[in-house]
Amino acid sequence: MTERATSEVPTGGPEETTSESAKLPTTEPSGEAAASESAGEEQTPMPQEPAPQAPAATKPAPASEDLPSAPLLLAVEDVSDSAVTVSWEPPERLGRLGLQGYVLELCREGASEWVPVNARPMMVTQQTLRNLALGDKFFLRVAAVSSAGAGPPAVLDQPVHIQKSIEAPKIRVPRHLRQTYIRQVGEAVNLQIPFQGNPKPQASWTHNGHALDSQRVSIRTGDQDSILFIRSAQRSDSGCYELTVHLEGLEAKAAIDILVIEKPGPPRSIRLLDVWGCNAALEWTPPQDTGNTDLLGYTVQKADKKTGQWFTVLERYHPTTCTVSDLIVGNSYSFRVFSENLCGLSASAAVTKELAHVQKADIAAKPKGFVERDFSEAPSFTQPLADHTSTPGYSTQLFCSVRASPKVRGRLLCRAGGRWVEESSGLLPRA
């Protein structure tokens, strides 16, 4: 099981170090993770003279099955400006009597004595030494301890040098500033950009690659952020602002785009192209000033000459020509067009100079000639003559019905003495 311990390294001089402090404890009970002794009992000697070579390790004890072997993989895990962390792995051979713990020792560069960091063996495989001074340089070694004594130590190949740690500068741009930052003319601009770095880095700003105008832009830089402030933004303040953070040859940059906008101007001109039926065609030219941003379109309105009230016909209309329909016959109309961007409609509009008169169409009556229906019909018998037997001296009547249009003239023929004789003629009634 891997554990971790923290120890404080005393900073006393060599006159406070005794020969007893250099000895490794070998009779402490196992299983205890004791803290380091007080500064008065264990003081770390300061280096006498710089010595480039590592101190000679204590000669290993005679081989014995009771002593553990040297710990494995001794390495430095982390070094800061006041602490160092080292770790190691358990030895291959723990000895017949079992392992009581580990003792970490320190020897400053130029000194010859090894000073225990922990007075008692500790069952840990990682330890942090704190309260170190900048510029300290020392060697470290660790030995496994059993009840029979300490085994051979594992020694770091290179000395540990405590020096000022440098954290590379880094800028954290807020999410809302990663796209174009839009403000209206007259509004304040207040940008707070956090950054990181150790020690405190130096921050500088530029506007479109040039130095800022100190009369318009204020910069305040703290330990962890830089603030850019403009009390009343103008369109000239638009552009790319770049923050650069410097730290001992390292730097980080971040660019922020600012766009200052205002309402656009009206269309430059408008004219009435044509009027037909209940429709009117209009045309206009884009405004000369779009307000430092793209237009969202145009708003077209109409007003009847009788009422003078304006009504919106089209909104956010992009072309520069349009046809206004559904006009009332007999009325006269004026038209006007506004430009629109993110700030809203233009302060004024372009208005047609002439009225659109919607006149009634001339209607000429064109009567068609009357076509009389032909009711003529060929004559046909609807009731034919029937045979009759008559007695001499008595009158006899014969009946028949004829259908014809117009009325037709008929004849009645009788056969007498072998020949046909016309008895009567005249108009036959219409059946």
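Which residue in β23 is the bridge partner of A280? Select A280 and look across to β23: the partner is V324.

This is a predicted model, in which local features need pLDDT of at least 70, side-chain atom pairs count only at pLDDT 80 or more, and totals for chains, interfaces and linings use all residues. Residues are numbered from 1 along each chain as its sequence is written, and side-chain values use heavy atoms, with hydrogens and water left out.

**Stop 1: β20 and β23**

Select residues 279-285, strand β20, together with β23. Strands here are DSSP runs of E, at least two residues, numbered from the N terminus. The two strands pair in the antiparallel sense over 4 bridges. Pairing requires that DSSP finds at least two bridges between two strands.

Stay on β23, residues 321-324. Its covered face carries C322 and V324. T321 and T323 sit on the uncovered face. In a regular strand the side chains alternate between the two faces of the sheet.

**Stop 2: W284 and its ring partners**

Select W284 in β20 and Y317 in β22 (residues 310-317). The two form a tilted aromatic pair, 6.5 Å centre to centre, with 55 degrees between the planes. Rings of Phe, Tyr and Trp (its six-membered ring) pair if their centres lie within 6.5 Å; planes under 30 degrees apart count as stacked, over 60 as edge-to-face and the rest as tilted. Because W284 and Y317 lie in those two strands, the pair ties together parts 33 residues apart in sequence.

W284 is buried, at 3% relative accessible area. Y317 is partly exposed, at 23%. The cut-offs are under 20% for buried, over 50% for exposed and partly exposed in between (1.4 Å probe, protein chains only).

**Stop 3: W88 and Y102**

The whole structure holds 3 aromatic pairs. For one of them, select W88 and Y102: the ring centres are 5.6 Å apart and the planes at 65 degrees, so this pair is edge-to-face. W88 is in β3 (residues 84-89) and Y102 in β4 (residues 101-108), 14 residues apart. Both W88 and Y102 are buried.

**Stop 4: the four-stranded sheet**

Show β12, β18, β17 and β14: this is their order in an open sheet of 4 strands with mixed pairing. β12 (181-184) and β14 (202-207) stand at the edges. Each has a single partner strand, so one side of each is left without a neighbour in the sheet.

Inside the sheet, select β17 (residues 239-247) and β18 (residues 250-261). They run antiparallel, joined by 9 bridges. End on C240, which stands opposite D257 in β18.
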